[in-house]
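Hi,

Here is the structure I promised to pass on. Have a look at it first, and then read my notes below.

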Amino acid sequence: MHGKAVGRQDSRTRLRERGFRGMLLACLALSALMLGVLLVDVALDGSSSISTEFFTKYSSSFPANAGIRAALLGTIWLMGVVILFIVPVGVATALYLEEYADRSRWYNRAIEVNIQNLAAVPSIVYGILGLAFLVRGPLGMGNVLMAGGLALGLLVLPVVIIAGREAIRAVPPSIREGSMALGATQWQTIWRQVLPAAVPGIATGVILALSRAIGETAPLIVVGAATFVAFDPSLSSQFTALPIQIFYWVSQPQDDFKALAAGAIIVLMVLLLAMNAVAIYLRNRYEQKW
Amino acid sequence: MTEPEEQAGTSAEAQREAAAGRRFERITPAGDRHRPAKQREAIFDIDGVSVSYSGAVAVRDISFEIGQHEITALIGPSGCGKSTLLRCLNRMNDLIPGAEVTGTLSYHGQDLYASKVDAVEVRKRIGMVFQKPNPFPKSIFDNIAFGPRVLGMKGDMDEIVERALRRGALWDEVKDRLKTNAFGMSGGQQQRLCIARALATDPDVILMDEPCSALDPISTGKIEDLMLELRENYSIVIVTHNMQQAARVSDRTAFFTVSLDEGTGHRTGRMVEFDETEKVFTNPSDERTEAYVTGKVG
């Protein structure tokens, strides 16, 4: 065999390679830059509003006296309702679809397709659904926090179901076989083998769902979140939330309110980034490598 | 199948064997059936068993008996249905949608596929070890303890785990790291863990589906030694592609072959020969067996 010497790449190819790589990098830099500018801008505008009183005071028509207490508590309550709603319902649905559903049945396939589609439905539609079924209509709760939380829960439920199914599917069939071969029932296998192995993936999905829900404004407006709340919310009271508060303050003519809005945005961003950080940590730390 | 949970220990084992023997004698008429010489009591009586997946017949009309405290090897080319048949013996095929078993498959004289028989109960008595080691993503201890726990076995769990690991010839290697994750073990250790895990629930039979195909020769040797040891107390059915392995460990061998149905394109397995291992390998009665075991085909 007479080998051909490994020649150097010709310079034109190399240039093209570099050019392409540079272009991709530029696109990345552009989006990172825009995000950076936005963050810095908000930080500059809002840092002056952040103080202890900012967290302890209710909203007020005087910027100097206004705080985010009601909005922050409202957001925390809403997230609580969302978690309590989406975790059991989402995990149970994912388990049914992955472990029990017989795919040869048309209704199971229909459910699957619908869940995929629901994840892409605009959030305002969920707001209208919440208004029609939760606030008025059959359940008639009124425009209370519970209704807002459930509307947000419905909105992000498909996200949890899809993430849950992926986590459950990632548990290899050999684990189920090994468990069943020892005389475990299907339920014991699911409860003691499949679910524990899928928990990190499910938890990641839940947190990502929450970080979508926490920033949603449109469905809350439709469900009837108040813009001016001067009491601590409960499940059955009227409520506001951080995005609503921000939306309200931004629409005020006074510049002082804009600084307050920027402050509230910082709080919302910190919450959001913290949740995403936890999700990434969970995924890296606990996700099972098979 | 309906007996109360037995206590662990050698006396319980002896008891169970006696009970198993009684049941067998009561139900299966011995004597007139064709069976090879020296065969001990049969635990499985496979009579005209066929298995199909969604209508496609994977293995057709299999009949033979599997003896107690013997190692029975199922050999044959890929697709001949030996794994399929093995998975019928503890009803693991139930988990595959569309799988259908016809014929009679008796275990100690009880029809395993009778409508009143619960597959979960069957699997408590008939353990299984798979081709690829499949430890649970848990500690070594919890891997072993899982079976006894879900079965609600009474007794000191530490003792149960130690006994299973000793029987699996793994205790000395892992006794100092029972709390570590089983995924940190070598492939051979993982497979012995899976065997020990199956032993922990005190089954009567261990089914092994190519247990050494993913292992190196040294680990394979350890598992073969272990099988010979376990034969004293358990009955073992092993599917293997490794002819030498079948010759080394098994008492009896069933040779399967596969034929292609030109019309449907389905491959269907049949059993060609079942006899003492020595005879199958040195003086087979069917020329297809001879061609296979001497390496002329397959």
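**Where the chains meet**

In this predicted model, 15 residues of chain A are in contact with 20 residues of chain B. On the side of chain A that touches chain B, helix 7 (173–181) and helix 8 (186–213) each supply at least two residues. Helix 7 of chain A gives the most, with 6 residues. By type, the residues on that side of chain A divide into 6 nonpolar, 7 polar and 2 charged.

**Chain A as a whole**

Chain A has 11 helices and 0 strands. Its C-alpha trace spans about 85 × 65 × 35 Å along the principal axes. The radius of gyration of chain A is 25 Å, whereas a compact globule of 290 residues would have one near 19 Å. Of the 290 residues of chain A, 38% count as buried. Among contacts in chain A with a separation of 6 or more, 76% are between residues 24 or more positions apart.

Helix 1 (residues 11–46) of chain A deserves a look of its own. The number of buried residues among its 36 is 1, so helix 1 of chain A lies largely in the open. At 1.5 Å a residue this helix should span 52 Å, and its end C-alpha atoms are 51 Å apart, which agrees.

**A strand pair in chain B**

Strand 6 (residues 126–129) of chain B pairs with strand 7 (residues 205–209) of chain B in the parallel sense, over 4 bridges. Ile126(B) and Met128(B) point one way from strand 6, Gly127(B) and Val129(B) point the other way, and all are buried. In a regular strand, side chains alternate between the two faces of the sheet.

Best wishes

Methods. Residues numbered from 1 in each chain as written. Chains lettered and ligands numbered in written order. Predicted model: local features only at pLDDT ≥ 70, side-chain atom pairs only at ≥ 80, totals over all residues. Buried ≥ 20, exposed ≤ 12 C-beta atoms within 10 Å, placed from the backbone. Pairing = 2+ DSSP bridges. Expected span 1.5 Å × (residues − 1). Contact = placed C-beta atoms within 7 Å. Nonpolar A, V, L, I, M, F, W, Y, C, P; charged D, E, K, R; others polar. Rg over C-alpha atoms; globule rule 2.2 N^0.38 Å.
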